[in-house]
Amino acid sequence: MSSAVPSVLFDNHGRPLEYLRLAVTDRCNLRCFYCMPEEGIKYLPKQELLSYEEMERLVAIMAGLGVRKVRLTGGEPFVRRDLVPFMDRLSQIPGITELTMTTNGVLTAPHVPELARMGLKAVNLSLDTLDRARFASITRRDELPRVLDTLYALLAAGIRVKINAVVMDGQNTQDLLPLAELTRDLPVDVRFIEEMPFNGHSHEATPATLPWNHNRIREHLALNLGELTPVPTRSGDTASHYTVAGHQGRLGIIAAYSRTFCGTCNRIRLTAEGGLKTCLYDQGVLDIRALLRGGSSDEQIADALKSAFRNRAANGFEAESQRPLHQLSFESMSTIGG
């Protein structure tokens, strides 16, 4: 990776913006019910997706402003062709010091040697259960063995793994402990995430009525595993991490719907079609694709980005309140970028 540049990009609340989550596709080879509907998905035509060249140009502009970390997301990144060469080019952009990715692991294992040679340090692996039948029920695909192959291939290659599990009442709460037990013998972080409303449908639960919020998750783990020792957090962390005596790995809890970490949020998102989101809960604040394809110079794009960052919502609740009143449902997470 390239040498670091000082972060000079701050939002209107004094938070440095140094972390870009870049969706390379809206397509996915799973159909997790909490992320998207089983049918009726309207994928973007190829010409509406940002090209790799457009994404490289944008990352270079953002790196010049102080962005130093890029996480590739989707959809599922590996359903887009020629992903690994693109990742290699991103890693060479001056100022980008960390390149990571989020994947569901179904197509990832054959690429692990290339990722290791590239110097990829960490992968977030989406995995909500270790039970094959429940995996097929949640994802609507029978692919658990391939995901586990990816997990062990990544660990064997020395790539750090963070397992992300969405906690869903009545669906996989019996899986929290088996997933947590992975940390006993494996050097992994297992992170439990509050369920969010990004499934392409309306969502009736509120943070106050969410059956499994971050407090209940923590209490459940402590009751069954013993004392959870907090790990000091860094500014920008979304997860509260804990160690358990005798475990190699760590546990994490992400209060994604309660939104307890907004005060230090250092990330921005770019959808696969080039929409800038300065908060997961906003509707999109800038059409970067239009700028890229409309003849804007790098300086003009940088100015547009800085203007958007000067008007960033203070937190996810404010961003959500600014959505149109008639919008009763949230977009699918596959269109947002993981």
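Colleague: At what angle do helix H1 (residues 52-65) and helix H10 (residues 298-309) pack?
Modeller: This is a predicted model, in which local features need pLDDT of at least 70, side-chain atom pairs count only at pLDDT 80 or more, and totals for chains, interfaces and linings use all residues. Residues are numbered from 1 along each chain as its sequence is written, and side-chain values use heavy atoms, leaving out hydrogens and water. Helices (H or I, at least four residues) and strands (E, at least two) are DSSP runs numbered from the N terminus, while axes are lines fitted to C-alpha atoms, for helices over the stretch in contact, with angles from 0 to 180 degrees between N-to-C directions. The axes of H1 and H10 are 10 Å apart, and the helices pack at an angle of about 65°.

Colleague: Which residues of H10 make the contact?
Modeller: Contact means heavy atoms within 4.5 Å. H1 brings Arg 57, Leu 58, Ile 61, Met 62 and Leu 65. Facing them from H10 are Asp 298, Ile 301, Ala 302, Leu 305 and Lys 306.

Colleague: Nice! Which are the edge strands of the open sheet of twelve strands?
Modeller: Two strands pair if DSSP finds at least two bridges between them. With mixed pairing, the order is E7-E8-E9-E6-E5-E4-E3-E2-E1-E10-E11-E12. Pairing on one side only marks the edge strands, E7 (229-230) and E12 (286-287).

Colleague: What is the bridge partner of Gly 275 in E12?
Modeller: Strand E11 (residues 275-277) pairs with E12 in the antiparallel sense, over two bridges. In E12, the partner of Gly 275 is Asp 287.

Colleague: Where is the cis peptide bond, and what is its omega near?
Modeller: Gly 75 sits in the loop between strand E2 (69-73) and helix H2 (83-91). The cis bond runs from Gly 74 to Gly 75, with omega near 15°.

Colleague: What value is phi of Asp 82 near?
Modeller: Most residues other than glycine have a negative phi, and most peptide bonds are trans. Asp 82 is also in the loop between E2 and H2. Its phi is positive, near 60°.
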